[in-house]
Amino acid sequence: MDQSQKPLVQASAIVKKFGGFTALNQVDLVIYPGERLGLIGPNGSGKSTLVNCISGMLKIDGGSVQLRGEDITQLATHARVHAGIARSFQIPKPFKSMTVIENIQVVINFAGHLRSEAGDHRTHEEKALSIIQSVGLMNKADAISSSLTQVELRKLELARAMSANPQLLIADEALAGLSGAEVDEILELIMGMKAKGISVLMIEHIMSAVMRFSERLMVLVAGSKVADGDPQDVISNPEVIKAYLGE
Ligand code: ADP
Ligand code: MG
């Protein structure tokens, strides 16, 4: 992480209410280019709500969201995807009746080509296959998505997120429900995003995975940020231990 760089994403004083309930109370979040940021907190502390506010799935009631210094607070989700934000995992919804490669091509057609690198003259099929290969699904490229196992579906989900050519990948509980070996496999793939220059914001309950992944760790408790910094410092912070790790 290089904090002398300008932030990729800067969310400031985010407020989100559901009726009379304040789910997020003046939360700040910054993520730098290529950084791996972990986000933890008890169930219901507002983690998914916060990333939904960043991806545009939820409208905020206060605060602002900037991407590369530009205010995107009013941008719709699809426009944020085009701008480089890809949210993934908590609602994995590939088109079940399509094959793996068709699922990838849908996303490339929707978003990927708009931000493809100059000089990349590969066809959409070639791009799709290279992404499928990078997540280790080559042997399933032509399989119907409904036939995939849990771990294969996570790989497909990751491949779909990458097909949008993102600068920020948001992984909300990408490892939930996987076995130990599968956790390692998916975590490896997510950690590999850094080599591609992609920032990752990961929400995760498995603490060993969180600690392995995070270059910086942020903690939400009841809609407020209680810690943000070096992961070791954060998990030894008494307020964090009391509110979260000791539950
Ligand atoms: P986390 O991801 O940290 O488990 P969430 O962000 O999903 O927590 O939820 C934070 C709080 O906001 C919870 O109390 C939850 O019940 C509430 N909440 C989340 N989404 C909605 C919604 N669409 N309508 C009403 N309340 C919601
Ligand atoms: Mg959640």
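Predicted model: local features only at pLDDT ≥ 70, side-chain atom pairs only at ≥ 80, totals over all residues.
Visitor: Why does the radius of gyration of the protein agree with that of a compact globule?
Guide: The rule is 2.2 Å times the number of residues to the power 0.38, with the radius taken over C-alpha atoms. For 247 residues a compact globule would have a radius near 18 Å, and the protein has 18 Å, so the two agree. Along the principal axes, the C-alpha atoms fill a box of roughly 50 × 40 × 40 Å.

Visitor: What makes up the secondary structure?
Guide: The protein has nine helices and 10 strands; these are DSSP runs numbered from the N terminus, helices being H or I with at least four residues and strands E with at least two.

Visitor: Into which domains is the protein divided, and how far apart are their centres?
Guide: Domain 1 comprises 1-84 + 168-247 and domain 2 comprises 92-165, with bounds from an automatic or database domain assignment. Their centres, taken over C-alpha atoms, are separated by 24 Å.

Visitor: How do you know which residues are around ligand 1?
Guide: A residue is near a molecule if its C-beta atom, placed from the backbone, lies within 6 Å of it. The residues around ligand 1 are F18, A23, G41, N43, G44, S45, G46, K47, S48 and T49. Helix 1 (residues 47-55) gives the largest share of this shell, three residues.

Visitor: What classes of residue does the shell around ligand 1 have?
Guide: Ala, Val, Leu, Ile, Met, Phe, Trp, Tyr, Cys and Pro count as nonpolar, Asp, Glu, Lys and Arg as charged, and the others, Gly among them, as polar. By these classes the shell has two nonpolar, seven polar and one charged residues.

Visitor: Why are the buried residues of helix 4 said to line one face?
Guide: The buried residues of helix 4 (residues 124-134) are K127, A128, I131 and I132. Seen down the axis of helix 4, they fall within an arc of 135°, so they line one face; the arc is that of the directions from the helix axis to the C-beta atoms. On the other side of helix 4, E125, E126, S130 and Q133 are exposed. The cover over the buried residues includes helix 3 (100-110) and helix 5 (150-163).

Visitor: Why is Q26 called partly exposed?
Guide: A residue is buried if 20 or more other C-beta atoms, placed from the backbone, lie within 10 Å of its own, exposed if 12 or fewer, and partly exposed in between. Q26 has 14 other C-beta atoms within 10 Å and is therefore partly exposed. Q26 lies in strand 2 (residues 21-31) and has a positive phi of about 60° although it is not a glycine.

Technical notes:
Residues numbered from 1 in each chain as written. Chains lettered and ligands numbered in written order. Contact = placed C-beta atoms within 7 Å.
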